[in-house]
Amino acid sequence: MFNPLDHKGLPLDSQLRNWRELNVDPIDPEAVDPYTRCRIITMNGIEVEAINFSHQFARNCPDQEVRRQLAYVRYVESQQQRVVNWLLPGAASVLETTLGYEQVAVDLTAWVARHEPDPT
C-alpha cells in the first residue's frame with residue numbers, strides 16, 4: 001500500500017531539470033498498476049497545493065529574502081508538478097479523469113480514516 005509519509009524528499013539543488021528531463025512519456029494505463037494513476041493524481045494535487053500555498057505565503061510575507069527563497073522553491077516545484085502532470089495520458093475523457101479524481105479522494109479518505117487514532 002502506498003503511504004505518502006514514508007517517502008523522504010530530495011534537496012532542492014538536485015531537483016532542477018533541463019527541458020529534456022521535463023519531457024516525459026506518459027504512462028500506458030493498460031500496462032501499469034491500476035493505482036499508478038491514483039498516485040500520479042495525488043502527487044499532482046500535492047504539488048499544485050504546495051505552489052499555491054507558497055505563492056500566498058510570499059504575497060503576505062514582508063521579508064524580501066524569504067520571498068526570494070520561496071520563489072526559488074516555487075520554480076523547482078512547478079517543474080516537478082509539470083513532470084508529474086505530464087505522466088497522465090492526455091487522451092483520457094472527462095469521465096475517466098473525473099473517476100480518477102474520485103478514486104483518489106475515496107482512497108485517501110479511507111487511508112486517513114484507517115490511521116486516525118481511536119479516542120476510546
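Helices and strands are taken here as DSSP runs, with at least four residues required for a helix and at least two for a strand, and are numbered from the N terminus. On this basis, the elements of the chain follow the order α-α-α-α from the N terminus on. The model is predicted, and its secondary structure amounts to 4 helices and 0 strands.

The C-alpha trace of the chain extends over about 50 × 45 × 25 Å along its principal axes. Of the 120 residues in the chain, 22% are buried. The accessible surface comes to about 9,000 Å², and carbon and sulfur atoms account for 58% of this surface.

Helix 2 comprises residues 34-59. This helix has 26 residues, and the distance from its first C-alpha to its last is 39 Å, close to the 38 Å expected at 1.5 Å a residue. The buried residues of helix 2 are Thr36, Cys38, Ile40, Ile41, Thr42, Asn44, Glu47, Ile51, Ser54 and Ala58. The packing partners of these buried residues are helix 3 and helix 4.

One of the buried positions in helix 2 is serine 54. Its relative accessibility is 4%, and the residue therefore falls under the 20% limit for a buried residue. When residues up to four places away in sequence are not counted, serine 54 touches Leu70 and Arg74. Both Leu70 and Arg74 are listed among the buried residues of helix 3.

Helix 2 also contains phenylalanine 53 and phenylalanine 57, which are 4 residues apart, about one turn of the helix. The structure holds 1 aromatic pair. In this pair, the ring centres of phenylalanine 53 and phenylalanine 57 are 6.1 Å apart and the ring planes are at 15°, so the pair is classed as stacked. The assignment follows because planes under 30 degrees apart count as stacked, provided that the centres lie within 6.5 Å. Phenylalanine 53 has a relative accessibility of 59% and counts as exposed, whereas phenylalanine 57, at 39%, counts as partly exposed.

Helix 3 covers residues 64-86, and its 23 residues should span 33 Å at 1.5 Å a residue; the end C-alpha atoms are 33 Å apart, in agreement with this expectation. Buried positions in helix 3 are Leu70, Arg74, Val76, Glu77, Gln79, Gln81, Val83 and Val84. These buried residues pack against helix 1 (19-22) and helix 2.

Glutamine 79 is located in helix 3. With a relative accessibility of 3%, glutamine 79 counts as buried. Apart from neighbours within four places in sequence, glutamine 79 is in contact with Gln15, Leu16, Arg17 and Leu22. The C-alpha atom of glutamine 79 is separated by 28 Å from that of tryptophan 111, a residue 32 places away along the chain.

Helix 4 spans residues 94-115 and includes valine 112. Glycine 100 also lies in helix 4. The relative accessible area of glycine 100 is 4%, and this residue is buried. Valine 112, by contrast, is partly exposed, with a relative accessible area of 44%. Once neighbours within four places in sequence are left aside, glycine 100 is in contact with Arg37 and Ile41.

Glycine 100 and alanine 58 are 42 residues apart in sequence, and their C-alpha atoms are 32 Å apart in space. Valine 112 and asparagine 52 are 60 residues apart along the chain, with a C-alpha separation of 23 Å.

How values were computed
Residues are numbered from 1 along each chain as its sequence is written. This is a predicted model: local features need pLDDT of at least 70, side-chain atom pairs count only at pLDDT 80 or more; totals for chains, interfaces and linings use all residues. Side-chain values use heavy atoms; hydrogens and water are left out. Buried means under 20% relative accessible area, exposed over 50%, partly exposed in between (1.4 Å probe, protein chains only). Accessible areas come from the Shrake-Rupley method with a 1.4 Å probe; for residues, only the protein chains shown count as cover. Rings of Phe, Tyr and Trp (its six-membered ring) pair if their centres lie within 6.5 Å; planes under 30 degrees apart count as stacked, over 60 as edge-to-face and the rest as tilted. The expected span of a helix is 1.5 Å times one less than its number of residues. Contact means heavy atoms within 4.5 Å.
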